[in-house]
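Please keep the sequence and the three-dimensional view at hand while reading.

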Amino acid sequence: MNSLIHCVYSSAAHPCFKEHEIPAFLAQVRAANALHNITGMLLYIEGGFFQVLEGEPAAVDAVYQNIEADPRHERITLIIREPIVRRSFGEWTMGFEALGLKEANELIGENDFFTSASCVTQLTPGRAKKLLSAFRTGRWRADRTAGHRALGSGA
């Protein structure tokens, strides 16, 4: 049996990155992840990214290194990198959801943590796990693309 890890990180989107670019980005990422047997999900919260990657350690670490070098990301923060027994997002090469600040606060059960998109880079492992759990068991579960909210054209 191969060992598995998950890597959870957050980052701020570079100011030049626009929300309307996400669909093309997701198509590229999903194809690459399928080749390397990587699964996971990505949340976009008003200019911030929160992502979990699952797979074999070498594959996940290689993807994370690429993300660190990607100019679309700023203030990348590794929150959790640990072994896992099984995948939580195994049916998605990359589930996706775009959230507003209010929705994000509701997911972690707090009223004022997400006061701006920059808060994504300040997530603790505990809050990150709440967000993962909400995504894993939430309303997106029935939608394999997890494309809940319409993406904006310029944000």
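A residue is called buried when its relative accessible area is under 20%, exposed when it is over 50%, and partly exposed in between, using a 1.4 Å probe and protein chains only. By this rule, 45% of the 155 residues of the chain count as buried. The model is a predicted one, in which local features need pLDDT of at least 70 and side-chain atom pairs count only at pLDDT 80 or more, while totals for chains, interfaces and linings use all residues. Residues are numbered from 1 along each chain as its sequence is written, and side-chain values use heavy atoms, with hydrogens and water left out.

**Architecture**

Helices (H or I, at least four residues) and strands (E, at least two) are taken from DSSP runs and numbered from the N terminus. The chain contains 4 helices and 5 strands, and their order from the N terminus is β-α-β-β-α-β-β-α-α. A contact is defined as heavy atoms within 4.5 Å. Among contacts in the chain with a separation of 6 or more, 79% join residues 24 or more positions apart.

**Nonpolar cores**

In soluble globular proteins, nonpolar side chains tend to be buried together. A nonpolar core is here a set of buried Ala, Val, Leu, Ile, Met, Phe, Trp, Tyr and Cys residues joined through side-chain atoms within 4.5 Å. The largest such core comprises 21 residues, and Leu42, Tyr44, Leu53 and Phe96 have the most contacts inside it. Two or more residues of this core come from each of strand S1 (4-13), H1, strand S2 (39-45), S3, H2 and strand S5 (95-99). Another core, apart from the largest one, has 11 residues, including Val8, Ile45, Phe50 and Trp92.

When residues up to four places away in sequence are not counted, Leu42 touches Phe25, Leu26, Phe49, Phe50, Gln51, Met94, Gly95, Phe96 and Glu97. Trp92, a member of the other core, is located in the loop between S4 and S5. Trp92 counts as buried because its relative accessible area is 1%. The C-alpha atom of Trp92 is 7.2 Å from that of Met41, although the two are 51 residues apart along the chain.

**The largest pocket**

On a 1 Å grid over the protein atoms alone, a pocket is an open set of points where a 1.4 Å probe fits, with protein on both sides within 12 Å along at least five of seven lines; its lining residues have an atom within 4 Å of a point. The volume is the space filled by probe spheres set on the points, which are joined across faces, edges and corners. For the largest pocket this volume is about 370 Å³. Its lining has 20 residues, and Val29, Asn33, Val63, Asn66 and Ile67 lie nearest the centre. Helix H1 (22-35), strand S3 (48-55) and helix H2 (57-69) each contribute at least two lining residues.

**Individual residues**

The table lists the accessibility of some residues.

| Residue | Relative accessible area | Class |
|---|---|---|
| Cys7 | 2% | buried |
| Cys16 | 58% | exposed |
| Asn37 | 49% | partly exposed |
| Arg75 | 48% | partly exposed |
| Pro83 | 68% | exposed |

Which backbone angle is positive in Asn37, although Asn37 is not a glycine? The angle is phi, at about 55°, and Asn37 belongs to the loop between H1 and S2. Arg75, also not a glycine, has a positive phi near 50° and is found in strand S4 (residues 73-84).

Pro83 also lies in strand S4. Beyond its neighbours within four places in sequence, Pro83 is in contact with Leu4 and Ile5.
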